Amino acid sequence: MTEPKSLSPIWSPSGMHLYAAEAVLNEGWSLALTEPDRFLDPEELADAGLNWVAAKVPGTGAASLAEAGLYDPENPHPLHDRDVWYRTRFEVEHPGAKRIVFGGLATIAEVFLNGEKLLETESMFLAQEVFAKVKDTNTLAICFRALEPRLGKRGPRARWKTQLTATQGLRHFRTTLLGHMPGWCPEVHAVGPWRPITLHDAQAPVLSNLKIQSELLPDGAGRLSVSFEAGKLDAVPHISCAGSECAMTRGGNGRWVASVELADIHPWMPSTHGTPHVYEVALDIDGQAVSLGKTGFRRIEVDRGADGKGFGLKINSVPVFCRGAVWTQADLLGLSGTKEAYRPLLELARDAGMNMLRIGGTMTYKTRAFFDLCAELGILVWQDFQFANFDYPVADDAFADLVRAETRHQLQMLEGCPALAVLCGGSEIFQQGAMMGLPESRWRGALSQTLLADCAAELRPDVPYVENSPVGGHLPFSANEGIAHYYGVGAYQQPLEDARRANVRFTTECLAFSNVPTRRALEQNFALSVDDPRWKAGIPRDRGADWDFEDVRNHYLKRLYDIEGPDIRDADPERYLDLSRAVVADVLEATISEWRRSQSSCQGALVWTFQDVATGAGWGVVDAAGHPKSAYYALKRSYQPLHVALIDEGTNGVQVHLTNDTPLSQNIRLEVTCLRGGAVPVVKGQRDLVLTAQAQMDLPTTDLFGAFFDTGYVFKFGPASHDVVVARLIASNTDLVLSEAVHFPLGFSTEQFPLKVSFEFTEVDGGEWVLSLETEKTLRFVQLDFLDFRTSDDGFTLVPGRKKQVRLKPEPGTEHTRPQGSLRALNGLGELNLSPDVSKKT
């Protein structure tokens, strides 16, 4: 059998195309803007004197106009108030009957081939296809009609109005809410052919109603089931996977079916808990092999807890604490869906110990490339269907039919993908209705209960379905039952202990802050300062609120550090930014550690959000240019599979919480040390342990000391003997520090002292370097700034007693440079220059 073709499958409403497209229509495009409905067909454009500019397809009008210097993404002008015309000329070698597939047209579009209208569509989330006779030379034109004049469309009356956007008419149209949520993201409107356009021979084979189901059986074997309709085939097709091959049979209903058991497969697991094994599924027809994509064998169960009121996931019978973030959009301007656009960010997520990403209902559906990368990297995906906050008019039969077609199209593209972990009927629809004071009968309806649920059950029965996010409890947004959007710590400015008393079960959104990018990112990529008017404009806020998320951050500066944010901002802007980076990192580490302890009710936490969609201090833990912020590194320390945490339990003492998510038992040494003045050990204890696979362990620190010691300084018998507590997990066989936690029983101190740090650089493979750091006195929130290098850790506490090693990886295109950087700390005076030429100096 020949090797499967490596080309990505092309999906149309009729199914999956077996072979490569005859042509990809991505060249020679131009676009022009006109008044709404001024021109009814492309022939009228010839003498209109329009300003045509080159256009990228797939892409958006905003991206093409920006490339031409006619659109500023930082200060976007509306595009939904005008028509956007695209046109191109293309030639074909063999004219005749063709199938043209439009992967995605945003949003109200009319398609013309050689002057004849072929298609009208009103959904950006549904692929379209047309059959047409194509000449040697052809003109293709697409008019994207202005959405704004149509937003007053009449329909079933809404039972509530959302506060998310002022544009209530959007509920009638299947388009993204990105660009329509003031305070959340720039008003960059999605207009244009945002997915590929391909040309196919009309007779080329298409697999319709394709189903690929991969099961992990109780005995550890795998079962692969494949079925499809394909019209007339000249030979019996064969399916192969993981070294096994099976001839398909044709049933009485005309469907080709096959089922094969695979005894030697390895299960797919999230990367935090094992290895994400994936296998190619190939279809062979008369010696021609075509890839049907990759699959993995896993089993997902919902864990409701002992009381039946919780929510969690078991993957292959292993409980998984799901941690990660809400994905926004890797490319807000162009809405790119390529592996090249996704990979750098998804690798960042994997490297941070994230094992789940949620695609919220306010965003866009992602391409199969996104899901394939998540499968490869071991990242689960929580997929909201693209519905949020509105009372959608599903009583309208035409709208309901459009939703069904959209849902089927999106799910068929994900057949067999092991990364898809949860399907959800949308975001905050139940919450919005309930918060308006409506009874449950008004906000719980057919959209999520039957329409979406039925499609999910039919097409992905291996994936749990939940009606909405949030859901559960006496109100849908109650944190102590079901699925929550938890902002007690964060927007609602509750103390850190609220993360425990709220009894959170699973939070698909949480811990939103205005996260400040690194100093180098602000200087090099954004040229922003706190005095720039764009700074405040870039702070996220909820529509109608008289506060923003910088105010939230300032609240915790006062609560945790006893520092007035506005005062320090005016007096010392640079220190204000450093403190802002630090306090968010402290809140994130403390809260995630609280939720990961063995006695916690929480089984999952996804931070809002993964990446910024605009310049500035947005919600993202990664900035708009793809650079990690202090919040990212805090999560990376909190999410690691081998994890130690120190949690102050008041009069019960400081507790050590150990977690081993890996599939292997770990021989470790646990060390706990209390330091006076951040430098002098006053008590120390250690214990050799076997931390069993995928298990947790709790220990009081006094168990390691062998006697009472007021580790948390709660009894206050005289002056405090120490101000730092450090716990380290150390590998018994290599003496490598696997995880470290630091607790400050006296709270935050404003004291600063001269930096004294020894450092050494070691060059390793691939142009990477290892920086070793050693200090005599505890340094709080150490920040590293390197030109052309990304560090493996940042914003950490540097404690005496052991060297801290940080890996430096060159940014793309800078593989042969030498590190040049600096080090600073919250409690250190000045900065330390770092380079290999001055290693070992202080």
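Where is P58 found? P58 sits in the loop between strand 5 (53–54) and helix 1 (61–67). Helices (H or I, at least four residues) and strands (E, at least two) are DSSP runs, numbered from the N terminus.

The model is predicted, and local features need pLDDT of at least 70, side-chain atom pairs count only at pLDDT 80 or more, while totals for chains, interfaces and linings use all residues. Residues are numbered from 1 along each chain as its sequence is written, and side-chain values use heavy atoms, with hydrogens and water left out.

Most peptide bonds are trans, and most residues other than glycine have a negative phi. The backbone departs from both patterns at the places below.

The peptide bond that leads from V57 into P58 is cis, with omega near 0 degrees. A106 and T107 are also joined by a cis peptide bond, where omega is about 0 degrees. T107 belongs to the loop between strand 7 (96–102) and strand 8 (109–113).

Next come the phi angles. N209 is not a glycine, yet its phi is positive, about 50 degrees. This residue is placed in strand 13 (residues 206–216). With a relative accessible area of 31%, N209 is partly exposed; that term covers the range between buried (under 20% relative accessible area) and exposed (over 50%), for a 1.4 Å probe and protein chains only.

Q694 is likewise not a glycine and has a positive phi of about 50 degrees. Q694 lies in the loop between strand 35 (680–691) and strand 36 (695–700). The relative accessible area of Q694 is 31%, so Q694 is partly exposed.
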